[in-house]
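Here are some notes for a colleague who is opening this entry for the first time. Please read them with the sequence and the structure side by side.

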Amino acid sequence: MHKTLKSAVVVFVGSLVAASCATNAPQDTWQPKGPNAKLIDDLQQPVFAVAGIIGLIVAAAVTYTVIKYRDRGQPIPEQTHGKPALEITLTVIPALILAVVAVFTFGAIFKLAKTDDTEMIINVTGQQWWWEYDYPVQNEFGITSPIISSGQLVMPVGTKVLLRETSRDVIHSYWIPALNGKRDAVPGRVQTLRLEADEPGIYAGQCTEFCGLSHANMRMEAVALSKEDFAKWVANQQAPYVVPAKDSLAQQGETVFLNQCVRCHQVNGLMRADGTPAIAAPDENVWSGAAPNLSHLMSRNTFAGAAFDLLSKKCRDEVWGAPSNVVGAKYLAGVTEDCLNQKDLRAWLRNAPEMKPMYANPADLEISNGKYRGMPYLALSEDDINKLVAYLLTLK
Amino acid sequence: MAIIERPAPTVPAVVTPTSTYGVLKRPVSATGWRSWVFTVDHKKIGIMYGATAMFFFIVGGVEALLIRLQLAAPNGKVLNADLYNQMFTMHATTMVFLFVMPMAAAFANYFVPLQIGARDVAFPRLNAFSFWALLFGGIFLNLAWFLGGAADGGWFMYAPNSGPVFSPTNGVDFWALGLQITGIASLAGAINLIITVLNMRAPGMSLMKMPIFTWMITVVQFLLLFAVPVITVALFLLSFQRNFGARFFDVAAGADPLLWQHLFWIFGHPEVYILILPSFGIISEVLPVFSRKPLFGYPFVVFSGAAIGFVGWGVWAHHMFASGLGPVSVAVFSLTTMAIAVPTGVKIINWTLTMWGGKLWFTTAMKFAIGLIVLFTVGGLSGVTHSVAPSDTQQTDTYYIVAHFHYVLFGGAVLGIFSGFYYWWPKVFGKMLNEKLGSWNFWLMIIGLNLTFGPMHILGLQGQPRRMYRWTEARAGEGFFNLAFWNMIASIGSFILTTGILMFLINVWVTWRNPKKAPLDPWDARSLEWMTTNPPKEHNFDVIPTVHHLDEFFHRKYEEDATTHTMKQVATAEELMAEQERNADKHIHMPSPSYWPIVLAFALPIITFGIIYSYLISVVGGVIVLFAAYGWALESSTAPDSDFENNTPGTALAIHD
């Protein structure tokens, strides 16, 4: 009887806890999708359980005491001052529990700090308020020239990836909960974080070290692709620049881009009218000295520090909701014209600081020597915006 | 109960000193605002500390409500990003430095001298200076709201985000300099209380017969004494970086921004114990009184408090598990953090065992104390979960941490403070707070705080980071109990919590209006502060008691039957009071009021204001400091007897009868 009651209580409490949580919260820390996060989860679940049980014991003990010894007119109790033996016992028990926890914790700390089994390196640089990914040459993955991307970290599954993190301005923190805990990106330091995904999929993350005005809008996603799909992605990233068709809207957009955007944003292979390569100079215009490289922009699903979707809601849901065996193909399809989130992209081009607060008002930039932190208002005409959108769509 | 005739209370009379001391004549008012502004009486200073802290509690509370309004729904529009960042920075700064710390100082100021049988603190003018420096520092900090925007870097103010480029308003300057001023207040207060406790205890009161509240306050003062200088150094570096072009945290100049984190948390972690230990002390007084039993394992509670005070210095880097310290440091700080859970656990066990076998009287003070035991335990246990460093790398900077420290600080520190309000209100104001409103106060706060902070555990574990001015539905998950639901519940909870606190304010008002006086010993209490009138006379005790027991007052009222071990009442509080008044000391010379503490304190924000705007203003402040220090130095702490010879006995300044 007591046993059934007990198990009923356990089931009830357990289901209460389970039911009170969101399903499929993209940043759930209790749903590991890779060995590093799994290691943490295996360590923390028993700790949560023990902590929960101790909490219940304390609450029960207090409740029992409060009911049993309430004033019912009993005489003033004997003025006992304590029982040292009992107290020492009750001190030693929690100390022993914690000693056991410590042993397992130590093991996990050192496993998570390992770097000698690394199979792939990606350099990750934080700046206000986006992440840049720099894939150094790694021939075994087909990376024969460096790939520079932003917002979405693309990586092969079943591969021990080591992020080498740093920052160009303030401290940021890289966090993909499904794959591992956080690691701060500190200017002047290079710090490492292991990532490995078991299954293809898109794993959400968020900058978690307060980094100023638009901290809330500094997101990221890790896209894990099968090794074959990753090879395709690498090949596409290294594909040469495609000049827009002559006399197309996109070609006019390229001119607008050269006039306005190339001050900060690099597109690899883009040439000026005089035949010289267009080299962006973000160091002259932006405090951090960097702006997202927009080569192959439409191979990413998000823009502006992963704060906004490049895909329309419908197309986005299709990619995110895809089962692991087809998510790679859907992702590699990139952003086509009918899937483009025109509304947000246009709003961004119209007035970026209004969508994402940034220090971009020229009047306030005395202290930063006129350099922006974030993208300024460019006063583009609707006509220019149409041309630019058409051009950006060609950056497959 | 016998009615005991007591002498009519003496009416304080205005005394005019016959001579000038140093620069100015002494202030003399015994009534009116002057009697408060120039007072050096630890009790008046304690009340002013309490009122100031309560004011800032309301300010910080309004900031919290704005935060919860903004986060109630996705893409909140109540505050913009800039204002939100200022709001959470100032909410934490206000609650930590301008509410909990001064409120603890209020209790410490008022009750430590009373509990140790002293007539004032060791340095009464320094005590007044501490208070005024705190008040002016707090006002200075908040001036930034009206002068271009408050600090926006978070209360932890990590470099380099706190630097001049990344935080271009003057907010961080006001923050850093304002905290320097409140730091001066804390340091002066700490030294004062340490010396008071070490030197001014009543005869017979050995350290192990000292009331536990005074013990915890003493531990806190030592923590302050060593922790405040660390933040002072850090704040100087920050101010030099911002105001004088220094490059302590400038990576381009070869600096490492982690320097700030180490300095901040070497202060910041002991600070956590500075916030919580006074409340531990309060409920360690309240629980025995309303259990009618001594504190279980008093030496264990004392030594665990002291142990927390020591180990508290070795855990700071657990705030930095994601900073990249390297596995060895992380392992060490993981272990020390687990270790500090042990003395904290000892306290919870001792409180529970204090109630065990008692005769429990559920006054509002007792309810808050029991609430603390349970809710602090929740915060303590979630603390243990992130002492597991790998686990912490998932939890840190999420709402799980927000839940954790609000259970510790609201469920712990604040509930303890409210317990203290209800317990000591009759002592301080001579009237009992209404118990019925107290019950509403308690239950609304308990429900409100669990609804506000409970769901934050779920929000954090499901991945909602802190310090985001808006959150997006895209990361909120699916199902009815998604993160949107819990954000809404937390926001609703915060308004229930506010209603609970409003009940307290209503209670204060109702009590104020109620003419009914409190009995002399309403709780049948145990420690010395109850062995005097409500409120205490200016000189606290007519006779300095000689102490034979821990819980001296209780043992003067009750004696144990040697064979049956039952307690038998041998005297009432009224009888003990009457006896004291009969034997009153003939010559009690209290410290005299002074102008200098407030003048000196007022000069500090003038200096710091000048650092931001014009050094000329600083010079003016500096001159005032020198002038005030000169006047202070030439003034004896107590007016000589000759000043009082022709005056009425029983004045506010001295008693001769």
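This is a predicted model: local features need pLDDT of at least 70, side-chain atom pairs count only at pLDDT 80 or more; totals for chains, interfaces and linings use all residues.

**Notes on the two chains**

1. In it, 82 residues of chain A are in contact with 85 residues of chain B. On the side of chain A that touches chain B, helix H2 (35-68), helix H3 (84-112), strand S7 (183-185) and strand S9 (201-206) each supply at least two residues. Sorted by class, that side of chain A has 46 nonpolar, 25 polar and eleven charged residues.

2. Strand S9 of chain A, which contributes to the side touching chain B, also belongs to an open sheet of three strands, whose order in chain A is S4-S10-S9 and whose pairing is mixed. Strand S4 (152-156) and S9 of chain A stand at the edges with a single partner strand each, so that one side of each is left without a neighbour in the sheet. When direction is ignored, neighbouring strands of this sheet are turned by 20 degrees against each other on average.

3. Within that sheet, the pairing of S9(A) with strand S10 (residues 219-225) of chain A is antiparallel and extends over six bridges. A reader who wishes to locate this pairing in the model may look for Ala204(A), whose bridge partner in S10(A) is Glu221(A).

4. A helix accompanies the sheet: helix H4 (residues 227-237) of chain A lies across S4 and S10 of chain A, and its direction makes an angle of about 130 degrees with S4(A).

5. Turning to chain B, one finds 18 helices and four strands. The C-alpha trace of chain B spans about 75 × 65 × 45 Å along its principal axes.

6. How do helix H6 (residues 212-243) and helix H7 (residues 258-291) of chain B pack, and at what angle? Their axes are 8 Å apart and meet at an angle of about 165 degrees; since angles over 145 degrees count as roughly antiparallel, H6(B) and H7(B) are therefore described as roughly antiparallel to each other. The crossing in which H6(B) passes H7(B) is left-handed. The residues of the contact of H6(B) with H7(B) divide into 26 nonpolar, two polar and two charged.

Note on methods
Residues are numbered from 1 along each chain as its sequence is written. Chains are lettered from A and ligands numbered from 1 in the order in which they are written. Axes are lines fitted to C-alpha atoms, for helices over the stretch in contact, and angles run from 0 to 180 degrees between N-to-C directions. Angles under 35 degrees count as roughly parallel, over 145 as roughly antiparallel, 65 to 115 as roughly perpendicular and the rest as oblique. A crossing is left-handed if the near helix is turned anticlockwise from the far one by less than a right angle, and right-handed if clockwise. Ala, Val, Leu, Ile, Met, Phe, Trp, Tyr, Cys and Pro count as nonpolar, Asp, Glu, Lys and Arg as charged, and the others, Gly among them, as polar. Two residues are in contact if their C-beta atoms, placed from the backbone, lie within 7 Å. Two strands pair if DSSP finds at least two bridges between them.
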